[in-house]
Amino acid sequence: GFCPTAGVSDFCPDVDDRPATPPRRPRRKKKGRGLPLPSANSAPLPSAPDCEDDSDLSEADDENGCLVCHHSLSSVGAHRPAILPCGHNSTCAVCHLRLRYLHDDHACPVCRQSNETIIVSDDPAGTPRESLRTFDEYERWGDDMGPGWVHREDVGMFFPAGYFETHAGPLLGLRCGVTTGEEWAPICAFDPAAAAGHYGSPTKEKGDTEEEGRWKPTGPLRTLLDHLRREHGRSMCTLCVRHKRDFTSKLPRLKPQELQAHLAGKFAGDAGSGFRGHPLCEFCKPRRFYDLGKLHEHLNKEHYKCHICEKNGKPNQFFRDYQRLEAHFRSEHFLCHDPACLSARFVVFDNEIDFRSHRMSVHGAGAETGRIQIAFHIQGSRGPPPGHDNPERPPTDADFPGGADGGLFVPEPLDSQQPTEQMNEPVITDPIHAARTAAFREAAAEIRRGQDQEGGEEAFPSLGEAGAAA
């Protein structure tokens, strides 16, 4: 199954069908693959606990390993067992912290029961899993377990104070972590979160603003970014800070040239991770988006797509604005030039037959002749006639005049793309105008639906027995 704990492991058992007692797993033969390492010239990652450190992997007793990351569960080190009300204590505290903090997932990985509160074990080192204290054996008074414990309300976890100070706190914190070169302080320990009296904060804090879709960090995160820029000439990828499901403490601190290489998918530190860069909107340069999903979401909200080309097998033909899309309709398709249809927008057809049918049925035009000029061409061995596309040839930018400067942008398709609707249509407040626009569009859609149904029928029916005999 898919494991949502990014950076923990590539393997996650199917939790929905797992029995109450986890089955024995095969021993892991290779070291885990952690986050991509930065290049030799980039800043090292801050010294926070790493789920992929194999120093505590148990090769002798796999039954005492974490169900998610396979590290040995012990009451020392970062991978202490977490104690759950449902009794499935086979996942370490770090993995639970990732699930709860980064994914807002409070469910048990085994039985999927939602647990509002869990406790990080403080049993002595070497305690077997079956001998760990149960959740009910710990004394709690609401959000307090007495001295020696730290409670994080945002993740619903109780931590032993020493464990939080050594492992969980730095993982949730915003420590600078840049190598300074100074003998007395080789790594910058500046941490605005610790200075503010708390460790960590949600990626999108209260007070963050969205201006034209652009996120602006505030609070301790803004303080860290300002510190990196002023003191070290470095920065962080804010797209990764906001969208990547990893702790901010684990993200690299990049020099300007490294950041540009990272955005374009050419940073050496990302090699082998499958990351290909943050895609760019050709209409909104230099604005980038976290992944293709976010880019397509933006394009469908802020720009326009030709639905006729989409139906004809040329997907993702986006235009900067409706004026450029209308010019495309005029040159490549059959646009109704009646003022009412131009006002309604998107009243356009794939062929002249449907266009003239619309003109006669809706506007009463062309009824005086009642004739439609139709030309047939039978393709021979010489291929398609001049000016006609080969249907087997994939479409290219040459099929659409103008390019990005002319208003056209064809982004990389999504892996499993489904037809998407235009999401930035202006709201029509006048009820009469709205009703008339809806009527025009419905009439055009009805003609197109009829065309689709007829297209599914056999254009030249096979001859019957009599015809075949003749």
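This is a predicted model: local features need pLDDT of at least 70, side-chain atom pairs count only at pLDDT 80 or more; totals for chains, interfaces and linings use all residues.
Trainee: In what order do the strands of the four-stranded sheet stand?

Mentor: The general idea is that strands of a sheet pair through backbone hydrogen bonds, either parallel or antiparallel. In this structure four strands form an open sheet with the order β1-β2-β4-β3, and the pairing is mixed. Because β1 (82-83) and β3 (149-152) each have a single partner strand, they stand at the edges, and one side of each is left without a neighbour in the sheet.

Trainee: Which way do the paired strands run, parallel or antiparallel?

Mentor: Taking the pairs in turn, β1 and β2 (residues 118-120) run antiparallel and are joined by two bridges, with Ile83 standing opposite Ile119 in β2. Two bridges also join β2 to β4, but these strands run parallel, and Ile119 has Phe158 as its bridge partner in β4. Finally, β3 and β4 run antiparallel and are joined by four bridges, one of the pairs being Trp149 with Pro160 in β4. The hairpin of β3 and β4 has four residues between the strands, and in it Gly156 takes a positive phi near 65 degrees.

Trainee: Which way do the residues of β4 point, and are they buried or exposed?

Mentor: Met157 and Phe159 point one way from β4, whereas Phe158 and Pro160 point the other way, and all of them are buried.

Trainee: Which strands do helices α1 and α2 touch where they pack on the sheet?

Mentor: To come back to the β1 and β2 pair, it is joined by two bridges. Helix α1 (residues 93-103) packs on the sheet and touches β1, β2, β3 and β4 (157-160), its direction making about 145 degrees with that of β4. Helix α2 (residues 161-172) packs on the sheet as well, touching β2, β3 and β4, and its direction makes about 120 degrees with that of β4.

Trainee: Turning to backbone angles, which residues have a positive phi although they are not glycines, and where are they?

Mentor: Arg112 has a positive phi of about 65 degrees although it is not a glycine, and its place is in the loop between α1 and β2. At 36% relative accessibility, Arg112 counts as partly exposed. Phe346, also not a glycine, has a positive phi of about 65 degrees and is found in the loop between α10 (339-344) and β10 (348-349); with a relative accessible area of 13%, Phe346 is buried.

Trainee: Which residues does a cis peptide bond join?

Mentor: The bond between Lys285 and Pro286 is cis, with an omega of about 5 degrees, and Pro286 lies in the loop between α6 (256-263) and α7 (292-302).

Trainee: How many salt bridges does a search of the whole structure find, and what does an individual case look like?

Mentor: The general idea is that side chains of opposite charge can pair when their charged atoms come close. A search of the whole structure finds 14 salt bridges. In one of them the side chains of Asp123 and Arg133 meet at 3.3 Å, N to O, and both residues lie in the loop between β2 and β3, 10 residues apart. Asp123 is buried at a relative accessible area of 9%, whereas Arg133 is partly exposed at 29%.

Trainee: How far apart are Asp226 and Arg229 in helix α4?

Mentor: Asp226 and Arg229 are three residues apart in helix α4 (residues 219-232), so they are separated by about one helical turn. Their side chains meet in a salt bridge of 3.1 Å, N to O.

Trainee: With which residue does Glu310 form a salt bridge, and which residues share partners in a network?

Mentor: Glu310 pairs with Lys305, the closest N and O atoms being 3.9 Å apart. Glu310 is partly exposed at 23% relative accessibility, whereas Lys305 is buried at 7%. Elsewhere, salt bridges that share partners join Asp122, Asp123 and Arg133 into one network.

Conventions: Residues are numbered from 1 along each chain as its sequence is written. Side-chain values use heavy atoms; hydrogens and water are left out. Two strands pair if DSSP finds at least two bridges between them. Contact means heavy atoms within 4.5 Å. Axes are lines fitted to C-alpha atoms, for helices over the stretch in contact, and angles run from 0 to 180 degrees between N-to-C directions. Buried means under 20% relative accessible area, exposed over 50%, partly exposed in between (1.4 Å probe, protein chains only). A salt bridge is a side-chain nitrogen of Lys or Arg within 4 Å of a carboxyl oxygen of Asp or Glu.
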